Amino acid sequence: MPLRFHDNKILPSGQIFIGLATHQSTGIGMHVFSHLIPTIERENIDLQYPYVSIWNEQLLVSIGKIVRLIYDQTMLDLTQEDSQADMQYLLPLLSAYAFQESTPNKDIGMSVKFKFMRFVDHGFPSII
Amino acid sequence: MSSSKPILVPVRRFPSQNQLSLVPASEAFLSTSKYFETFLSLPIVPFHIGQTNFFNMLKRREQIRELNHEIVSSKIHESILRLEEIIALCRWLCSNENIDKRLIKEILSELYYRETQQSSIIQLEKVEFYDDLHGWSLPFPPNVLPSMIASHLSRDDLEKRLSLSRIPRRMLLDFYLHTSQQSLFEDEPTSRILLNFISEHWTQFHDADTKKMKEVLSKLKCIPTTHGMKVPSDSYLRSPNLSPDLPIITLNLSERSVGDEQISIEYPVKVKVLKAIGCRTIHVPTSHNCFSERSTTESDKDHSLENFIKDLLQQRKHMSDTDLHALRSTPCLTGS
């Protein structure tokens, strides 16, 4: 899990990958690899060009849903097992969902967080 | 229009729960103290994970509530705590967490707990004192924190943080002499404990206390004897001058060895205390009959009478007021 330790706190340090790593953080303790369309410099994802930005934004929303599904399943698995044994893992696990401000573009983290918080379970399979 | 699926968070619903449960964040509480989850039966996120930024984010978005002192106080008053929970509560009150004295007083104004799941509920009300009589197994007034709880806290904590004082012995005596508690004196095991308590603190009681004690105890069958529980005026301190057929007191009496060391015995009671509450040292009819039966001739009678009187004079300093009263009212000396 991509986490870092700073000032006695565990902080998420996931990055966006488009083939190779970009400079863009996800704001959560997970690396994200998907068919995101990068900028020409290939250092970040493109949220400016109109048609590309729609694709990238919808992908980010889906990523938020997936993160939420992972969170729900992780919590379910932990509470069904012997919690004494797994308490030590709860701290870093939950730290991964801290939703720090993503850098350099904070909109990326906000899109993921938005869908994480407002997940609506329609019972349909995810598009991604 | 569908609504968002609630975020489920891991909580402990009650202190003894080992397994964590999942509840919607809106129903859970974030703890601001490591102690809350040790005594509150609320869905609380364990303290050490509640400090993560994930929960800070939920708190900022008002998706989870934080436990405050008002909620804690209100929940305590409506709960029946287990023994370990009330001890944990007291530890929290004594901790360095800047707890307002008014809050402490409010919490101590009304508490309910039980020692085990099967035992009865004990109510504490406006707690002002703590019990320092370690190992005391009898009921206490409701404003006293029992030693089974107080012994887990330091004296400093009890007196400075909780503002409690040692229980005054006179107050305890008044409590046990009250009508509602007098049955404790009539049960042998508890009577031994109570008489020992009275004996140990005899010098701390004022005249008014001892007078009240005498009045109450003289009417209760509170003395264990060889013939069961008897009132003090029907109970006799063991003596070679007494018939073994009499109800002889079976309490452990305080005695001193030649080296003036206290012999260690369970719940000892001082003889002077027993005499003060009316226990007897002589049985006039038996003594009188003894001297009458031994006298066959007139000179025998005079001799026996002389011995009887000498006997009485020797025992004079050991007699209780009840003995003297019996001596005055029982005809035993016939004139010529």
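Tutor: Let's start with what touching means here: two residues are in contact if they have heavy atoms within 4.5 Å of each other. Helices (H or I, at least four residues) and strands (E, at least two) are DSSP runs, numbered from the N terminus. Before we go in, remember that this is a predicted model, where local features need pLDDT of at least 70, side-chain atom pairs count only at pLDDT 80 or more, and totals for chains, interfaces and linings use all residues. Residues are numbered from 1 along each chain as its sequence is written, chains are lettered from A and ligands numbered from 1 in the order in which they are written, and side-chain values use heavy atoms, with hydrogens and water left out.

The part to zoom in on is a helix pair in chain B. Helix α8 (residues 169–177) packs against helix α9 (residues 188–200) at an angle of about 145°, and their axes are 11 Å apart. Those axes are lines fitted to C-alpha atoms over the stretch in contact, and the angle, on a scale from 0 to 180 degrees, is taken between N-to-C directions. The crossing of α8(B) past α9(B) is left-handed, meaning that the near helix is turned anticlockwise from the far one by less than a right angle (clockwise would be right-handed).

So who meets whom? From α8(B) come B:R169, B:L172, B:L173 and B:Y176, and from α9(B) come B:L194, B:F197 and B:I198. Sorted by class, that makes 6 nonpolar residues, 1 charged and no polar ones. Nonpolar covers Ala, Val, Leu, Ile, Met, Phe, Trp, Tyr, Cys and Pro, charged covers Asp, Glu, Lys and Arg, and the others, Gly among them, are polar.

Now stay with the arginine, B:R169, which sits in helix α8 of chain B. B:R169 counts as buried because its relative accessible area is 8%; buried means under 20%, exposed over 50%, and partly exposed in between, with a 1.4 Å probe and protein chains only. A polar atom of the B:R169 side chain lies 2.9 Å from the backbone oxygen of B:I167. Skipping neighbours within four places in sequence, B:R169 touches B:D132, B:L133, B:F197, B:H201, B:Q204 and B:F205.

B:T225 is buried because its relative accessibility is 8%. Its side chain has a polar atom 3.1 Å from the backbone nitrogen of B:H227. Beyond four places in sequence, its contacts are B:K230, B:S235, B:P247, B:I248, B:I249 and B:T250.

Two loop residues of chain B deserve a backbone check. B:S163, between α7 (155–161) and β11 (165–166), has phi near 55°, a positive value in a non-glycine residue; B:S163 counts as partly exposed because its relative accessibility is 45%. B:E62, between α2 (53–60) and β5 (65–66), also has phi near 55°, but counts as exposed, at 72% relative accessibility.

Over in chain A, the peptide bond from A:T103 to A:P104 is cis, with omega near -5°. A:P104 lies in the loop between α2 (83–95) and α3 (106–117) of chain A.

Methods: A polar contact is a pair of N or O atoms within 3.5 Å; within protein, one must be able to donate a hydrogen and the other to accept it, and residues adjacent in sequence count only if both atoms are side-chain atoms.
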